[in-house]
Amino acid sequence: QVPLVELGGGLVQAGGSLRLSCVADGRTFSNYAMAWFRQASGKEREFVAAITSSGSNTYYADSVKGRFTISADNGNKRMYLQMNSLKPEDTAVYYCAAGTGYGSSWIMRPTESGTYDYWGQGTQVTVSS
């Protein structure tokens, strides 16, 4: 199943901006935490940002904090990642995901308390210098 679709990837110069969208396909995720992950070529997937189902809490990787902003609306039917001041090191395939769990300890890194069960297929973001 691929219930999430990422949109908005592309090529941008360093210092520029992009906004990624994640659209639910055939369902809402109002009771889920939503997150963005990315995977650069030859590297492992890493956490980027997340927002809780209530929308009251957001989480960011240190590498993007202050530059990226995550948001969601319409019961997490649509979720966004605004990326500003992009750097070549941000180049990666970006994935959106939806997950559930207890508490918040699993949000940035899946644990026995929770994990991300639904994933999109990814969208390429390339930042040139």
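I count rings of Phe, Tyr and Trp (its six-membered ring) as paired if their centres lie within 6.5 Å, calling planes under 30 degrees apart stacked, those over 60 edge-to-face and the rest tilted.

The model I am reading is predicted, and local features need pLDDT of at least 70, side-chain atom pairs count only at pLDDT 80 or more, while totals for chains, interfaces and linings use all residues. Residues are numbered from 1 along each chain as its sequence is written, and side-chain values use heavy atoms, with hydrogens and water left out.

**Aromatic rings.** I searched the whole structure and found eight aromatic pairs. One of them joins Tyr32 and Tyr118 edge-to-face, at 5.8 Å centre to centre and with 75 degrees between the planes. Tyr32 lies in the loop between strand 3 and strand 4 and Tyr118 in strand 10 (residues 114-119), so this pair ties together parts that are 86 residues apart in sequence; strands here are DSSP runs of E with at least two residues, numbered from the N terminus. I noted Tyr32 as buried, at a relative accessible area of 14%, where buried means under 20%, exposed over 50% and partly exposed in between (1.4 Å probe, protein chains only).

I then looked at Trp106 and Tyr116, whose ring centres are 5.2 Å apart with planes at 55 degrees, so the pair is tilted. Trp106 and Tyr116 are both buried. Ring pairs also link Phe37, Phe47, Trp106, Tyr116 and Trp119 into a cluster. Over the face of Phe37 lies Arg45, 5.6 Å from the ring centre; the criterion is NZ of Lys or CZ of Arg within 6 Å of the centre and within 35 degrees of the ring normal.

**Core.** I looked up the largest nonpolar core, which has 39 residues, with Trp36, Leu81, Met83 and Tyr94 making the most contacts inside it. Such a core is a set of buried Ala, Val, Leu, Ile, Met, Phe, Trp, Tyr and Cys residues joined through side-chain atoms within 4.5 Å.

Four strands form an open antiparallel sheet in the order 1-3-8-7, two strands being paired if DSSP finds at least two bridges between them. Strand 1 (4-7) and strand 7 stand at the edges with a single partner strand each, so one side of each is left without a neighbour in the sheet. Between the antiparallel strands 3 and 8 I found six bridges, and Val23 has Arg78 of strand 8 as its bridge partner.

**Backbone.** Most residues other than glycine have a negative phi. I noted that phi of Ser85 is near 50 degrees, a positive value. Ser85 sits in the loop between strand 8 and strand 9 and is partly exposed, at 42% relative accessibility.
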